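This report goes through one model, element by element. Please keep the sequence and the coordinates open while reading.

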Amino acid sequence: MMNEPKDADARRAVEPVICYPVETLPSPDLPLYHEARAGAELVDEVLVLRREAAAIGVPAGHFLRMQSVDGPQVGDLNLFAAADLAERFYSGKTRALHGTHITTGDRMWSCFPYLRPMATVLADTLNWYGIDASGGSVHDVIGTRCDPYTARLLSGDDYHHCCHSNLTRALADHTGLPLNEAEAHVHDVLNLFMCTGFTRDTGQYFMKASPVRPDDYLELFAEIDLLAVLSACPGGDCSTVHSSDTAACYPLLMQVYAPAVDALEGWVRPQVSAYSRTHGR
Ligand SMILES: [Zn+2]
């Protein structure tokens with residue numbers, strides 16, 4: 001490079017510093033959650049059809065299992081506070097706190113001005129995967145969700161079963177909101193089972209065939225009353241293409257488990273942020 005300074009290598013060699021050390025975050029009581037889960041009972045379930053989405057309520061203290069059935073399939077998950085759609089999952093802050101991909105013990109945080117754990121990952125049958133040689137890993141909070149706007153931009157065609165549209169229809173059906181109002185609540189997702197990373201040479205977002213197989217699951221503990229909306233991505237296992245009907249696609253199963261009475265004694269729901277919101281005025 002023409003403009004490279006003499007001390008370029010020295011500047012590059014500076015050690016990185018973690019932006020958000022998480023040691024001071026309140027840590028979830030995983031043993032208590034596991035104990036409660038052991039005595040929990042299935043109370044609700046819904047099958048998310050391929051290239052569609054479905055919604056399910058998950059009361060605080062309950063467990064949401066999202067499971068692969070039939071074949072390798074990735075899912076795009078939106079989370080809302082059941083009582084207020086304005087409080088929703090904040091993928092960017094979750095990424096800043098826990099990293100590009102989440103697994104057991106990580107939390108899913110809500111947006112400003114709430115910023116509290118909405119859910120805690122209690123179990124992940126793909127946590128053996130780690131970070132592969134390409135820099136790929138599973139369950140990312142870096143992708144946005146496949147959507148018809150970007151598809152149109154890149155291909156010139158209208159496609160109606162992108163996760164963004166699937167989530168919009170499912171949220172509209174569940175809440176009774178008109179489609180365009182429901183759409184405004186759809187947000188960046190947890191990419192369930194999706195295997196992704198950034199290329200080392202160009203820094204581009206990549207995907208590769210998901211290692212998920214039938215019976216694999218990710219399980220969340222609901223820290224607050226939740227509305228979960230999950231789309232079975234038209235990308236299938238995301239090994240080749242998305243935003244079309246080309247890829248082989250399979251359904252996903254959502255199940256809600258209720259803990260036994262008193263199983264969560266001592267557990268308290270996280271409160272919304274205590275920040276004054278005066279912003280210095
Ligand atoms: Zn998708």
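## Basis

This is a predicted model, in which local features need pLDDT of at least 70 and side-chain atom pairs count only at pLDDT 80 or more, while totals for chains, interfaces and linings use all residues. Residues are numbered from 1 along each chain as its sequence is written.

Helices (H or I, at least four residues) and strands (E, at least two) are DSSP runs, numbered from the N terminus.

## The open sheet

An open sheet is formed by 6 strands in the order β1-β13-β3-β11-β7-β6, with antiparallel pairing; two strands pair if DSSP finds at least two bridges between them. At the edges are β1 (41–48) and β6 (107–109), each of which pairs on one side only. From one strand to the next the twist averages 25 degrees.

Strand β7 (residues 117–124) runs antiparallel to β11 and is joined to it by 5 bridges. In this pair, A119 stands opposite A222 of β11. Helix α2 (residues 30–38) packs on the sheet and touches β3 (63–68), β7, β11 and β13 (252–258). The direction of α2 makes about 70 degrees with that of β7; axes are lines fitted to C-alpha atoms, for helices over the stretch in contact, and angles run from 0 to 180 degrees between N-to-C directions.

## Helix α5

Helix α5 (residues 163–175) has 13 residues and spans 18 Å from its first C-alpha to its last, close to the 18 Å expected at 1.5 Å a residue. That expected span is 1.5 Å times one less than the number of residues. Just after α5, G176 has a positive phi of about 85 degrees.

The buried residues of α5 include C163, L167, A170 and L171. A residue counts as buried if 20 or more other C-beta atoms lie within 10 Å of its own, as exposed if 12 or fewer do, and as partly exposed in between, with C-beta atoms placed from the backbone. The buried residues of α5 pack against β2 (53–58), β4 (75–81), α4 (148–155), α6 (179–185) and β12 (226–232).

Beyond four places in sequence, V229 touches A53, A55, N78, L167, A170 and L171; contact requires C-beta atoms, placed from the backbone, within 7 Å.

## P211

P211 lies in the loop between β10 (205–208) and β11 (217–222). P211 is partly exposed because 16 other C-beta atoms lie within 10 Å. Neighbours within four places aside, P211 is in contact with L126, Y129, V138 and C195.

Technical notes
Contact = placed C-beta atoms within 7 Å.
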